[in-house]
Amino acid sequence: MVQRYQSPVRVYKYPFELVMAAYEKRFPTCPQIPVFLGSEVLRESRSPDGAVHVVERSCRLRVDAPRLLRKIAGVEHVVFVQTNVLNWKERTLLIEAHNETFANRVVVNEHCSYTVHPENEDWTCFEQSASLDIRSFFGFENALEKIAMKQYTANVKRGKEVIEHYLNELISQGTSHIPRWTPAPVREEDARNQAGPRDPGSLEAHRPSSALGPALEAVSMDGDKLDADYIERCLGHLTPMQESCLIQLRHWLQETHKGKIPKDEHILRFLRARDFHLDKAREMLCQSLSWRKQHQVDLLLQTWQPPALLEEFYAGGWHYQDIDGRPLYILRLGQMDTKGLMKAVGEEVLLRHVLSVNEEGQKRCEGSTRQLGRPISSWTCLLDLEGLNMRHLWRPGVKALLRMIEVVEDNYPETLGRLLIVRAPRVFPVLWTLISPFINENTRRKFLIYSGSNYQGPGGLVDYLDREVIPDFLGGESVCNVPEGGLVPKSLYMTEEEQEHADQLWQWSETYHSASVLRGAPHEVAVEILEGESVITWDFDILRGDVVFSLYHAKKVPRPGAREPGTRASGQLIDKGWVLGRDYSRVEAPLVCREGESIQGSHVTRWPGVYLLQWQMHSPPGSVACSLPGVDDVLTALHSPGPKCKLLYYYEVLASEDFRGSMSSLESCTSGFSQLSAATSSSSSGQSHSSSLVSR
């Protein structure tokens with residue numbers, strides 16, 4: 001198996017020329033990197049104008065491995081060949097390295113680049129990627145792989161420290177500025193030499209395959225890259241391999257995922273849940289994203305309003321923060337009539353409420369991160385079990401609890417930072433025996449259980465909560481507004497038929513909108529955008545027939561009548577008297593969608609107004625599609641039994657900063673998804689970035 005490493009973007013807040021001077025100090029030897037034994041120049045060449053300098057070196061590295069492994073291999077050091085292409089004009093350094101020792105058994109390739117920061121020309125960016133492929137090594141393949149990756153990642157961190165060391169040394173010696181390269185005047189004799197034949201052993205012969213031309217595209221920074229300072233500030237300390245896993249999984253999602261890209265902290269939770277095993281984390285995350293799309297979980301906080309009965313009798317709520325700055329959620333489970341709640345509102349409503357709590361928890365973590373200026377990725381739950389009895393062990397209730405635990409474990413991993421269980425009664429071990437096998441081992445380690453009143457002294461709640469935050473019902477100073485729960489009156493219970501119907505309604509509310517498209521009668525949806533820069537995303541399935549999908553922008557509402565922003569108006573909305581180009585304009589090129597296709601796409605708006613999503617029946621070859629049918633066409637379509645198209649669709653409006661990960665910039669990318677459909681092109685007006693992805 002090939003092991004890969006990808007670094008984040010590391011930023012040196014110094015000009016490129018000064019960083020290059022520090023980099024050159026690493027050769028021919030570097031005492032700060034003990035495994036680097038030395039190097040010698042094999043070939044060196046410069047372009048006629050001096051702008052490009054190519055150096056090929058042979059570098060010797062000490063083998064930091066057990067003595068037995070070194071003895072079997074018969075070597076004390078390994079040799080790598082490094083090719084550097086320094087372009088003073090473009091201000092880039094491209095580095096390629098590969099191993100010569102054991103090249104037929106082990107293949108190591110490394111690519112590095114130093115480039116100018118895209119937003120500050122006085123800063124320098126560094127990126128590094130590498131691959132390790134151990135084909136055979138005397139039966140010690142696994143051991144060698146672990147040793148090699150451990151040593152490599154240790155030197156990654158050391159490499160940045162070395163550059164910073166030499167930068168400080170240069171500045172202390174009085175070198176704080178190095179002028180940029182400027183072309184020297186070309187003499188007539190030099191011009192003739194440039195036009196003459198070149199030495200095949202010079203610049204072009206030793207230029208690496210990725211140098212100068214295509215490489216500038218490959219290493220240029222864009223909004224989809226993570227820098228190391230951002231990771232440390234917003235996500236917390238990660239080892240080099242953990243950083244690499246995050247970057248690789250994030251990049252894979254950007255290339256393949258047909259939908260909204262999760263935020264970086266969300267991706268990181270899934271990696272932590274699988275101990276940074278990339279394939280396992282990818283599988284878990286993809287299943288969760290599919291689940292979120294199926295149940296429209298991204299809209300939950302905007303659409304979910306708990307029933308009044310649930311607000312009165314559900315004994316849970318948010319209450320300040322713990323001593324580490326995590327949001328604190330209090331749940332008085334012992335005071336809650338779980339059986340009564342299930343019989344009054346149904347299991348699906350309870351599950352949906354639990355999901356809304358988890359969604360709110362993630363949102364509060366983001367707020368705490370901004371407020372405190374350090375990463376807060378999880379929340380604390382204070383679980384009060386006073387009053388827990390055999391009523392809570394009602395079998396359907398336990399079954400529902402296990403289902404909720406399973407859903408939360410699968411889709412909200414590593415969101416619970418600590419669970420403080422207080423006043424656990426004698427019946428608690430019975431409940432714990434039932435539920436503990438369904439809780440992930442990493443999660444179980446975060447449980448702290450207090451029986452009786454032993455939570456009040458040292459080692460109790462005061463170790464995790466400030467005294468002014470401990471709720472009054474636990475002897476603290478804080479007035480807690482969490483509902484007290486209590487028995488749900490049986491008069492509020494639903495009949496079995498009502499409960500079954502309620503569950504069905506909940507499931508139907510999760511489905512997409514359906515629409516029929518008749519010849520001459522398109523289906524249109526109006527979306528009002530109040531802020532200039534938002535993201536409209538869509539997802540629809542063609543169930544019958546072929547349709548043409550288009551997106552238009554209008555400055556006024558198509559039909560009279562005020563409505564709340566974000567609400568949906570649908571049907572045929574474009575007025576017959578409107579003229580394309582005057583009253584409304586096309587902002588997404590028409591896309592022909594065939595029966596059975598699933599289409600996902602996005603559009604970044606630039607101006608407020610009304611955006612119209614339009615589906616119209618695809619005209620056969622030779623006919624001309626018209627977005628504004630006549631009255632006769634519509635009447636004929638409505639009264640004739642002719643063919644019609646059917647589709648299911650869903651759309652969402654997001655703020656641009658919430659559409660991709662925290663470091664993404666929609667201004668610097670052309671697609672919210674993995675690729676552009678061949679039939680889709682950007683608007684010639686240049687007013688947005690948009691894309692549509694077709695899948696069958």
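Author: Below are questions and answers on strands and salt bridges.

This is a predicted model, in which local features need pLDDT of at least 70, side-chain atom pairs count only at pLDDT 80 or more, and totals for chains, interfaces and linings use all residues. Residues are numbered from 1 along each chain as its sequence is written, and side-chain values use heavy atoms, with hydrogens and water left out.

Reader: How many bridges join strand S3 to strand S4?

Author: Strands are DSSP runs (E, at least two residues), numbered from the N terminus, and helices are such runs too (H or I, at least four). Two strands pair if DSSP finds at least two bridges between them. S3 covers residues 36-46 and S4 covers residues 52-62, and the two run antiparallel. The number of bridges joining them is nine.

Reader: Which residue in the hairpin of S3 and S4 takes a positive phi?

Author: The hairpin has five residues between its strands. The phi in question is near 80°. The residue is glycine 50.

Reader: Which residue of S4 stands opposite arginine 43?

Author: S4 spans residues 52-62. The residue opposite arginine 43 is in that strand. It is glutamate 56.

Reader: How many salt bridges does the structure hold?

Author: Side chains of opposite charge can pair when their charged atoms come close. A salt bridge here is a side-chain nitrogen of Lys or Arg within 4 Å of a carboxyl oxygen of Asp or Glu. The count for the structure is 27.

Reader: How many residues apart are arginine 91 and glutamate 17?

Author: Their side chains meet in a salt bridge at 3.0 Å, N to O. Arginine 91 lies in the loop between strand S5 (77-87) and strand S6 (92-99), while glutamate 17 belongs to helix H1 (residues 16-24). The pair links distant parts of the chain, and the separation is 74 residues.

Reader: Is glutamate 17 buried or exposed?

Author: Buried means under 20% relative accessible area, exposed means over 50%, and partly exposed lies in between (1.4 Å probe, protein chains only). Glutamate 17 has 2% relative accessibility, so it counts as buried.

Reader: Which residue meets arginine 418 in a salt bridge at 3.3 Å?

Author: Arginine 418 is in strand S12 (residues 416-424), and its partner is in the loop between strand S9 (316-321) and strand S10 (327-331). Arginine 418 is buried, at 14%. Asp322, Asp324, Arg326 and Arg418 are linked in a network of salt bridges. The partner at 3.3 Å is aspartate 324.
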